[in-house]
Amino acid sequence: MIKQDIERVIREALEAAGAAEATFTVEHPDLGMGDYSTNAAIRFPGKKQEIFSYIEAHKPEEVESVELAGPGFINFRLTKDFFKQSLGEIIGKGSEFGKGEHAKGFKVMVEHTDPNPFKEFHIGHLMPNVIGSTIARIFEWNGAEVKQANYQGDMGIHVAKAVWGIIQGEEDPYVAGNNAYETHKADIDAINKKIYDGSDPEINKIYEEGRKKSLEYFETVYKRLGTKFDFSFFESETAPIGKKIVEDNIGTVFEKSDGAIVFKGEKVDPSLHTRVFINSQGIPTYEAKDLGNAKNKFDHYPYDLSVVVTGNEIKDYFRVVLAAMAQIFPDLAKKTKHLPHGMLRLPTGKMSSRTGNVITAEALIEEVKGHTKGDEQVAIGAVKYMILRQGIGQDIVFDFEKSVSTEGDSGVYLQYAHARANSILEKAGKKGSVEGEQGQVRAVERLLYRFPEVVERAGKEYAPNYIATYLTELAASFNNFYAHEQVLDDSPESGYRLAIVEAFKDVMKNGLNVLGIPAPERM
RNA sequence: GCCCUCGUAGUUCAAUGGACAGAACGGGAGGCUUCUAUCCUUCUAAUGUAGGUUCGAUUCCUACCGAGGGCACCA
């Protein structure tokens, strides 16, 4: 609202200065410089005074002062009344504050986590799970209709390896099968084919039992993490769909090569490469299944945007699949956004696992829980925050001490600030009031009203860390405010200060909700 | 060999082409403790190298150095 008003005045000023075509930005500068800032005048050194004067003379009523600073930035400082109103708005909207409509009517499918049955739910699955479900919530907060999908590899060589391991009576079937693949390749490949065509009743039975058990185990993990999927898709269903799509396009999109059916990506773009879509045994590979998956997902839910969250080691692979898809389903390819994330690493020697080199997600949570007095909510929040605090494409080195630190950059710090605000309100035993005397505008007030903009930007740029960073800054400014201002006294301003506490509590709670971090009322 | 990604304080991370490159932890110095596992103030310290584009570059371009990932029947 206010931002649009400022933009309008700037445009008028540029027109008046004969620079109607100029582009400019309006953004939040550092707190000390004001509430909004524009670079509109910077390109016109000769006219900056003229532009500035126009803006100053026509400033929106919510703007208290305008100043020309630095190399030509124009900074806007908002009125105390504006903050008073925004505080009232936050308290009035409560748990709705921050919800926007910029993605209203938009159907989004977010596919994430994608664990493979027969294998462990390891720490590598924590990344897509936490990031994917948060992206989904951010879109929801921006007004979109969102469905979350889990796409699971219940078919393929990795499953054949595990089934082989089960037949051998191995304690850890997948690891055993994987180790034995070089020496028993023919056997395992044969099992793979049998699983695919379902021709062997004995293998079918082993397969079905293992699959069921595995999926039940995943459900317990989702419950713990707070993930709810709207759809569960499996490679066993996308395989035939994908296979048919590929077969229908042989000669046009795909070609035969050494008995396999391949897509030559380099013919479209030299930075792409050739990939096999149906192998020489006639079994569709992951590539073909992904093609089938895209169509299958759209058939279940006609999305405007399909976000696929996976590890970034698959980035180049996905580009090739998308290039093939662009020739078959150009519309779906255009709607697909691949979101690669980094790896979650542990400091060396920090944890070891009995089963090979795999560390399960639950083992990590338990380890963190050991540092949180056994508090599950705090542990989950700590893990999620560590993942969300940084850019999603980067690898993370999980620091146990830091993750549960009560100060600084951690989930606990945010949860604690929220619980503390709650506790203050409870102790006050009364509602805050924006009608009281206001006093100085503090950093907390300057930050609170920005929350909806932060959520919007996080959605546009697929960047949950914007929200995490914002919340941390907000919590710090709140702690500062609390340390220096009397909230629980009888001064004329105390009612208003209490209102700040209340608004802070709402924004922090909403922020934690968007990130999927538990926000206990008390700790 | 080719294709991607990434090199920022001692450490872990930020920075839609903008103003003195921000935080947090660590380390130094103080203070507060009303409300938990406190918290606050202050000091310390960084853009891998060399060019280029720009009024302005951590950001864009080129080369080099260094790390990681990928490159046909795995996912």
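A residue counts as near a molecule or strand if its C-beta atom, placed from the backbone, lies within 6 Å of it. All views show a predicted model.

**View 1. Residues around RNA strand B.**

**View 2. The open sheet of 5 strands.** The strand order is β7-β6-β5-β11-β12, with parallel pairing. Because β7 (231-234) and β12 (336-341) each have a single partner strand, one side of each lacks a neighbour in the sheet. On average, neighbouring strands are turned by 25 degrees against each other, direction ignored. Strands β11 (residues 305-311) and β12 are joined by 6 bridges; Ser306 has Thr336 in β12 as its bridge partner.

**View 3. Helices packed on the sheet.** Helix α4 (residues 123-141) touches β5 (107-111), β6 (145-152), β11 and β12, and its direction makes about 155 degrees with that of β11. Helix α10 (residues 286-300) touches β5, β6, β7, β11 and β12; the direction of α10 makes about 150 degrees with that of β7.

**View 4. The crossing of helices α1 and α2.** The axes of α1 (residues 2-16) and α2 (residues 48-57) come within 9 Å and cross at roughly 135 degrees, which means that α1 is oblique to α2. The crossing is right-handed. Val9, Ile10, Ala13, Leu14 and Ala16 of α1 meet Ile51, Tyr54 and Ile55 of α2. This contact has 8 nonpolar, no polar and no charged residues.

Conventions: Residues numbered from 1 in each chain as written. Chains lettered and ligands numbered in written order. Predicted model: local features only at pLDDT ≥ 70, side-chain atom pairs only at ≥ 80, totals over all residues. Axes fitted to C-alpha atoms, helices over the stretch in contact; angles between N-to-C directions. Helix = DSSP H or I, 4+ residues; strand = E, 2+ residues; numbered from the N terminus. Parallel < 35°, antiparallel > 145°, perpendicular 65-115°, else oblique. Left-handed = near helix turned anticlockwise from the far one by under 90°. Contact = placed C-beta atoms within 7 Å. Nonpolar A, V, L, I, M, F, W, Y, C, P; charged D, E, K, R; others polar. Pairing = 2+ DSSP bridges.
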